[in-house]
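Subject: Model for you to look over

Hi,

Here is the model I promised to pass on. Please open it alongside the notes that follow.

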Amino acid sequence: MSYSRHLALALALLLAGCGFQLVGSLGEIDVTPPVYISAADRYTPFYLGVEQRLRNSGIATTEDLNAATSILAIRRDDTGQRVLSVSANNVPREYEVFYTVSYDLTVAGNITAVATDLTLTRDYTWNESQVLGKAREERIIRDDLATLLIDDFVRRAAGQR
């Protein structure tokens with residue numbers, strides 16, 4: 001074996017031994033398919049991300065509540081931004097993006113994951129000469145926050161609080 005193969009093998013063994021998992025992997029999520037996802041809005045980054053994670057892990061979802069064995073009830077899925085600071089001319093200079101979710105996960109009639117409002121925030125500076133770039137930065141931040149909240153859901157559903 002070449003040196004690079006030995007190094008790659010050693011690195012893989014080290015990562016596996018320390019419990020490393022790729023970000024976004026579901027690990028041992030404890031749900032019984034099919035899963036019904038209840039939400040007021042089915043087009044939010046959190047909803048779409050959770051649905052995608054379930055599908056990617058081979059966990060079937062259903063549109064029929066009566067056919068579901070597991071129910072994910074998304075009680076709150078809210079995102080927005082607030083002004084953090086303004087210039088001397090009263091022009092916004094810094095914003096805070098927030099994403100808040102609250103959900104219950106019920107498996108076979110037992111609530112297995114209950115979350116109060118989970119909120120993540122991140123701030124960014126604003127520059128009116130870079131409107132398009134800053135608007136894209138805000139969308140990227142919002143999507144990243146949703147991904148972190150999805151990861152939290154996965155940990156809680158796997159019982160790894």
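D117 sits in the loop that joins β5 (110-114) to β6 (118-125). Helices and strands here are DSSP runs (H or I, at least four residues, for helices; E, at least two, for strands), numbered from the N terminus. D117 is partly exposed, at 41% relative accessible area. The classes are buried under 20%, exposed over 50% and partly exposed in between, with a 1.4 Å probe and protein chains only. Beyond residues up to four places away in sequence, D117 touches R76, T100, V101 and S102. Contact means heavy atoms within 4.5 Å. With R76, the side chain of D117 also makes a side-chain polar contact at 2.8 Å.

Some ground rules. This is a predicted model, in which local features need pLDDT of at least 70, side-chain atom pairs count only at pLDDT 80 or more, and totals for chains, interfaces and linings use all residues. Residues are numbered from 1 along each chain as its sequence is written, and side-chain values use heavy atoms, with hydrogens and water left out.

Confidence next. pLDDT is the predictor's confidence in each residue, from 0 to 100. The chain has a mean of 82, and 80% of its residues reach 70 or more.

Now the fold. The chain holds 3 helices and 6 strands. Their order along the sequence is α-β-α-β-β-β-β-β-α. Of the 161 residues, 34% count as buried. Among contacts between residues at least 6 apart in sequence, 65% join residues at least 24 apart.

Strand pairing comes next. Two strands pair if DSSP finds at least two bridges between them. β1 and β3 are parallel, over 4 bridges. Y36 stands opposite I71 in β3. β3 and β4 run antiparallel, joined by 15 bridges. There, G80 faces F98 in β4. These two strands form a hairpin with 5 residues between them, and N90 in the turn has a positive phi of about 65 degrees. β4 and β5 are also antiparallel, over 4 bridges. T106 has I111 in β5 as its bridge partner. The β4-β5 hairpin has 2 residues between its strands, and A108 in the turn has a positive phi of about 50 degrees.

On to the core. Nonpolar side chains tend to be buried together in soluble globular proteins. The largest nonpolar core here has 29 residues. (Such a core is a set of buried Ala, Val, Leu, Ile, Met, Phe, Trp, Tyr and Cys residues joined through side-chain atoms within 4.5 Å.) Those with the most contacts inside it are I37, F46, V50, L72, Y103, L105 and F153. β1, α2, β3 (70-86), β4, β6 and α3 each supply at least two residues. α3 gives the most, with 8. Beyond four places in sequence, the contacts of I37 include V50, L54, L72 and I74.

Last, the aromatics. There are 4 aromatic pairs. Rings of Phe, Tyr and Trp (its six-membered ring) pair if their centres lie within 6.5 Å; planes under 30 degrees apart are stacked, over 60 edge-to-face, the rest tilted. Y95 and Y124 are stacked, 5.9 Å centre to centre with 25 degrees between the planes. That pair links strand β4 (residues 92-107) to strand β6, 29 residues apart. Y95 is buried, and so is Y124. Y95 also pairs with W126, edge-to-face, at 5.9 Å and 85 degrees. W126 lies in the loop between β6 and α3 (131-157), 31 residues from Y95. F46, Y103 and F153 form one aromatic cluster.

Best wishes

Note on methods:
A polar contact is a pair of N or O atoms within 3.5 Å; within protein, one must be able to donate a hydrogen and the other to accept it, and residues adjacent in sequence count only if both atoms are side-chain atoms.
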